Protein chains: 2
Amino acid sequence: MSGLPKPIQELINEFSRLPGVGPKSAQRLSFYLIRSNDGKEKSLGTALINLKSELTFCDDCHNITISNPCDICEDVHRDKKIICVVEEPLDVIALEKTGQYKGLYHVLHGVLSPIDGVGPDDLKIRELVERIKSGSFDELILALNPSLEGEATSNYIQSSLTGCEISITKIAQGLPMGGDLEYADDKTLIKAMEGRRKC
Amino acid sequence: MSGLPKPIQELINEFSRLPGVGPKSAQRLSFYLIRSNDGKEKSLGTALINLKSELTFCDDCHNITISNPCDICEDVHRDKKIICVVEEPLDVIALEKTGQYKGLYHVLHGVLSPIDGVGPDDLKIRELVERIKSGSFDELILALNPSLEGEATSNYIQSSLTGCEISITKIAQGLPMGGDLEYADDKTLIKAMEGRRKC
């Protein structure tokens, strides 16, 4: 009985450590790369090894960037009076894709989650408070995910900013575009009703 | 408006080229690796770059291996009178996992598929015929996937071996038509091996 050659087994093990990749998918991906003749495995390998060498975090917004401060913080055309607080760098990308928001960002790198041992000091909350206090922002938009942890983090940030002269807003919760009222969960419907606005 | 930093975008592009990985999954995987602090991206990258450097093909069975002849062909405890023909190296692994089959293998590296331009010369069929003619095998087991192409390839191999004194069998159709050998469970594979019949 013979196992797999070591280089293949190692690659399968490494793929299996990625989220959402099971042992069978890892096997498929590995053999796909073995069969490919165009050096895909080398270019993916190089991209992985180079991944972090150029990356850093913006000292202002804490987003991932190759220049510090990042392009958004440096952009003279952005509205420096508005700051939008998000959980992750991917949320910045999602908001940037809309092309509507022109203010600055602040990336927390997570949410408060006592169950996972994530407290305020593990996030960029202190940095946010300092940034607000030392800056001259008019509005802070809380754009955290509508989860228990997101809500708790929003509340924590709000209480940390008591005394600051800044208008704190939160992105609306309600039915998503293209959503179906009859399939919406109770919490979404309650939030949508609560957030109703005069037409 | 700023795009993604180049190293991240490159990694997302490379992940997207893998089968079954869409742009959203590629983004998720990339950011997962950025956040990980245990060097996962470096070890996956190294595994990818080293993947093919040590790998070769066994001159006898044409399976992927690091030693030539491979461990199975070299194993004195294997039954050198039986040879099992499979499409892909993954099929060898699937059969080896059952622990039931003790003979040798022959990996074709595909099946006849005129629509994809795969003819007999693109597979290891000539090598199989030579191996049978120059060896002293008692039985050849056709263990190709139960697909149209698999059937056609089985028939082609049978007709190529007319005149050879070898018993040709085919694994039982315990596998559903259109199914995939590498995903079959062990019991199904054992049943299929036990139920092989003389052609």
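Reader: At what angle do helix α6 (residues 125-134) of chain B and α7(B) pack?

Author: This is a predicted model, in which local features need pLDDT of at least 70 and side-chain atom pairs count only at pLDDT 80 or more, while totals for chains, interfaces and linings use all residues. Residues are numbered from 1 along each chain as its sequence is written, chains are lettered from A and ligands numbered from 1 in the order in which they are written, and side-chain values use heavy atoms, with hydrogens and water left out. Helices (DSSP runs of H or I, at least four residues) and strands (runs of E, at least two) are numbered from the N terminus, and their axes are lines fitted to C-alpha atoms, for helices over the stretch in contact, with angles from 0 to 180 degrees between N-to-C directions. The axes of α6(B) and α7(B) are 10 Å apart, and the packing angle is about 40°.

Reader: What does that make α6(B) relative to α7(B)?

Author: Angles under 35 degrees count as roughly parallel, over 145 as roughly antiparallel, 65 to 115 as roughly perpendicular and the rest as oblique. The angle here is about 40°, so α6(B) relative to α7(B) is oblique.

Reader: Is the crossing of α6(B) and α7(B) left-handed or right-handed?

Author: A crossing is left-handed if the near helix is turned anticlockwise from the far one by less than a right angle, and right-handed if clockwise. The way α6(B) passes α7(B) is right-handed.

Reader: Which residues of strand β5 (residues 139-142) of chain B are buried on each side?

Author: Buried means under 20% relative accessible area, exposed over 50%, and partly exposed in between (1.4 Å probe, protein chains only). In a regular strand the side chains alternate between the two faces of the sheet. Both faces of β5(B) are covered, with E139(B) and I141(B) buried on one side and, on the other, L140(B) and L142(B).

Reader: Which residue of β6(B) stands opposite E139(B)?

Author: Two strands pair if DSSP finds at least two bridges between them. β5(B) is joined by 4 bridges to the parallel strand β3 (residues 79-86) of chain B, where I82(B) faces E139(B). Another 4 bridges join β5(B) to β6 (residues 167-170) of chain B, again in parallel. In β6(B), the residue opposite E139(B) is S167(B).

Reader: How many residues of helix α5 (residues 89-98) of chain B are buried?

Author: The buried residues of α5(B) include P89(B), V92(B), L95(B) and T98(B). The helix is largely enclosed by the rest of the structure, because the buried residues number 9 of the 10.

Reader: In what order do the 4 strands of the open sheet in chain A stand?

Author: The pairing in this sheet is parallel. β4 (103-107) and β6 (167-170) of chain A each have a single partner strand, so one side of each is left without a neighbour in the sheet. The twist from one strand to the next averages 25°. The order is β4-β3-β5-β6.

Reader: Which unit do β3(A), α5(A) and β4(A) make?

Author: β3(A) and β4(A) pair in parallel over 5 bridges, and C84(A) stands opposite Y105(A). Helix α5 (residues 89-98) of chain A lies across both strands, at about 160° to β4(A). A crossover is right-handed if, with the strands pointing away from the viewer, the path from the first strand over the helix to the second runs clockwise. The three elements make a right-handed β-α-β unit.

Reader: How many residues of β4(A) are buried?

Author: In chain A as a whole, buried residues make up 41% of the 199 residues. β4(A) is mostly covered, its buried residues numbering 5 of 5.

Reader: What separates the C-alpha atoms of I132(A) and C164(A)?

Author: I132(A) lies in helix α6 of chain A and counts as buried because its relative accessibility is 6%. Leaving out residues up to four places away in sequence, I132(A) touches I83(A), F137(A), L140(A), L161(A), C164(A) and I166(A). I132(A) and C164(A) are 32 residues apart along the chain, yet their C-alpha atoms are separated by 7.8 Å.

Definitions and conventions:
Contact = heavy atoms within 4.5 Å.
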